[in-house]
Amino acid sequence: MAGNHRRAKLWSGLALLSGLAAACSGKEKPDAAAAPTRAAAPTFQLTALDGQSLTLSALRGKVVLIDFWATWCGPCRDEVPKLVELQRAYGPRGVQLVGISMDDDADKVKAFYRELHMNYPVAIGEAALGERFGGVLGLPVKFLVDKQGRLVGRLDTADPAQLRPELDRLLTE
């Protein structure tokens with residue numbers, strides 16, 4: 001019994017050290033080796049700007065890139081054209097982008113959506129939803145979800161050169 005307890009402590013310690021090493025590595029890309037232990041992504045039910053229901057569960061079977069953003073955020077505005085292009089290129093292959101605006105004013109979000117010709121669903125979110133994803137302290141921030149609805153990781157970039165390999169890999173899983 002004592003041997004089992006020591007062994008469990010050893011494995012627990014190794015898991016902790018492994019997690020700390022990964023966290024300190026500075027990698028932004030999700031870890032492919034983590035695929036078997038991915039946790040379910042937080043669920044949500046929102047109303048998209050077009051009035052349709054927007055749920056993560058309805059997107060099961062697709063790779064989902066969730067982008068938390070706001071109209072007042074300069075970097076968010078700069079990233080939208082890249083995200084529109086990613087949706088155009090990867091949508092037919094099974095990727096769905098979802099925009100979650102952290103704005104309070106739906107009219108501003110709708111005007112922004114039209115102005116930047118966004119081609120993916122957008123809904124107004126709130127801080128509680130961001131907290132369920134582990135906290136959204138700075139914008140923009142993205143979360144990648146695999147076809148089974150499991151959270152792959154957090155991304156602070158919309159750089160197609162970094163996102164494309166991840167999307168390609170997840171599409172083959």
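1. Of the 173 residues in the protein chain, 41% count as buried; here buried means under 20% relative accessible area, exposed over 50%, and partly exposed in between, using a 1.4 Å probe and protein chains only. Bear in mind that this is a predicted model, where local features need pLDDT of at least 70, side-chain atom pairs count only at pLDDT 80 or more, and totals for chains, interfaces and linings use all residues. Residues are numbered from 1 along each chain as its sequence is written, and side-chain values use heavy atoms, with hydrogens and water left out.

2. A word on confidence. The protein chain has a mean pLDDT of 84, with 79% of its residues at 70 or more; pLDDT is the predictor's confidence in each residue, from 0 to 100. Over residues 1-30 the pLDDT is below 50, and this stretch has 14 contacts in the model beyond near neighbours in sequence (contact means heavy atoms within 4.5 Å). Where pLDDT is low, the predicted coordinates should not be read in detail.

3. Along the sequence the pattern reads α-β-β-β-α-β-α-β-α-β-β-α.

4. Next, the sheet. Five strands make an open sheet with mixed pairing, in the order β5-β4-β3-β6-β7; two strands pair if DSSP finds at least two bridges between them. β5 (122-124) and β7 (151-155) sit at the edges with a single partner strand each, so one side of each has no neighbour in the sheet. On average, neighbouring strands of this sheet are turned by 20° against each other, direction ignored.

5. Look at the β6 and β7 end too. Strand β6 (residues 141-145) pairs with β7 in the antiparallel sense over four bridges, and Phe143 has Arg154 in β7 as its bridge partner. Five residues lie between the strands of this hairpin, where Gly149 takes a positive phi near 80°.

6. Now the helices on the sheet. Helix α5 (residues 160-172) lies across β3, β4, β6 and β7, running at about 145° to β3. For such angles, axes are lines fitted to C-alpha atoms, for helices over the stretch in contact, and angles run from 0 to 180 degrees between N-to-C directions.

7. Which residues touch the most other members of the largest nonpolar core? They are Met118, Tyr120 and Leu144, in a core of 27 residues. A nonpolar core is a set of buried Ala, Val, Leu, Ile, Met, Phe, Trp, Tyr and Cys residues joined through side-chain atoms within 4.5 Å. β3, α2, β4, α3 (106-115), β7 and α5 each supply at least two residues of this core, and α2 gives the most, with six. Leaving aside neighbours within four places in sequence, Met118 is in contact with Trp69, Val80, Val84, Phe112 and Tyr113. A second, separate core has 19 residues, including Leu54, Val98, Val141 and Val145.

8. Is Ala127 buried or exposed? Ala127, found in helix α4 (residues 127-132), counts as exposed because its relative accessibility is 55%. Ala127 is 25 residues from Met102 in sequence and 7.5 Å from Met102 in space, C-alpha to C-alpha.
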